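Please have the sequence and the model open while reading.

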Amino acid sequence: MGFDLDINEKDHLMIGQADSTKLAEEYGTPLYVIDEMKIRENYRKVYQAFSKYYSDFQIFYACKANTNLAVMRILEEEGSGIDAVSPGEIYTSLLAGFEGDRVLYTGNNVKDQEMQFAIEAGIRLNVDSVSQLKRLAKIVDPDGFKISFRVNPMVGAGHHEHCITGGEMSKFGIKESEAVEVYQMALDLGFNPVGIHSHIGSGILESEPFMLAVETLMDIAGNIAQGTGIEFDFIDFGGGLGIPYHPDEEELDLDNFAQEITGLFKEKLVHYGLGKPTMCLEPGRYIVGNASYLLTRVNTIKESYRKFAGVDAGFNTLLRPSMYGSYHHIVVANQARAPAKEQIDIAGNVCESGDLFARDRLLPEIKEGDLLAIMNAGAYAFSMASQYNSRPRPAEVLVKDGETDVIRERETFADLLNKQVLPPRLLK
Ligand SMILES: *Cc1c(COP(=O)(O)O)cnc(C)c1O
């Protein structure tokens, strides 16, 4: 428990062996700083934990967590595949060097044009509805065309209601009770359904809900195999592996998690005579979440009805606290060993009351000019950033062994007007 921080002799927070205060001076704030080795470590941790118990194991990094091209290149080098949820993510995956057969398109409410785009790129489609299946049959010659289905196994879990993607309130996937029927329909249309998929939610820190989802999906897969004679090439349990955001949260015991899940998986394979399909997982958050920090400068200390430290980032830069009420740990990066002293609200610079990074957070005494590091800002952080309030989005830098590369330049005012067109009658 607690977070391991690397702090130098000047009490400055170090990220990837670079001094965070120097990064902030050199590149300005707000700034996303990504630690390359952390991404590689996280990927290897998951890969090794699972492949140790089941060798035919493949990770499809859910890139919506962080679509920076450099991040995706790193994961391509590590041997990952990609779970893409939009044509834009497919486009980025191809640019990052992923072959089409290493990309799975798990879209929802997909339109024909988007399927067409994926097919031309040689991407595997993970079909979400009967509607999509029927439309796909008109776009492509189904004869032997490989597909998989996302199934909703009536099990949901997640750190927030918005992140629960299984169960009867969820819009995702085909109904558990109709799965056999839908696979048969696909066969009758001539398709070759080779895979089955579910993704029940996000931010899961215990194996229990995940085990239940694995059990349910395996039973569904078993019924499909027995009912239709389909042999699965792969069974994909989606993502959702959580990370501790609060220092009191326990890390997921990955080895134990992997052992339990692969154990159940293998047992069910034997039980239903499912052969030896590839086992797939689609972690997003787990791979990139703790690899990045958002550096932001305190520009205002205000003693109003409450005490606020006002910073130069806002929910336009990091949405999770405002959108999900998420806790993000905050460190005073230029005095990272200072003892906690007072409770304070950390407020962003967006003109909305909900723009707070923390309420009543116990922190060292904060002064104007201090640098704050908001931790665990690697997943669903930049990828959810916007230009709201007409603020250009921040830069991203990648750090490895103390060396820094800018992997996304800070936007300028001109970028705010990108693609806008003034009608001639309004020209001045
Ligand atoms: C978002 C998503 C994931 C990744 O979820 P994490 O919680 O980041 O691991 C995996 N698969 C699908 C289909 C998703 O939509």
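Which residue in β3 is the bridge partner of I15? The bridge partner is A18. This is a predicted model, in which local features need pLDDT of at least 70, side-chain atom pairs count only at pLDDT 80 or more, and totals for chains, interfaces and linings use all residues. Residues are numbered from 1 along each chain as its sequence is written, and side-chain values use heavy atoms, leaving out hydrogens and water.

- Two bridges join strand β2 (residues 13–15) to β3 in the antiparallel sense.

**Helices α4 and α5**
- Helix α4 (residues 87–95) packs against helix α5 (residues 112–120) at about 15 degrees, with the axes 10 Å apart. Helices are DSSP runs of H or I, at least four residues; axes are lines fitted to C-alpha atoms over the stretch in contact, and angles run from 0 to 180 degrees between N-to-C directions.
- α4 and α5 are therefore roughly parallel, a term for angles under 35 degrees.
- P87, I90 and Y91 in α4 meet E114, F117 and A118 in α5, where contact means heavy atoms within 4.5 Å.

**Helix α8**
- The 22 residues of α8 (residues 207–228) should span 32 Å at 1.5 Å a residue, and the end C-alpha atoms are 31 Å apart, which agrees. The expected span is 1.5 Å times one less than the number of residues.
- G229 follows α8 and has a positive phi, near 80 degrees.

Notes
Angles under 35 degrees count as roughly parallel, over 145 as roughly antiparallel, 65 to 115 as roughly perpendicular and the rest as oblique. Two strands pair if DSSP finds at least two bridges between them.
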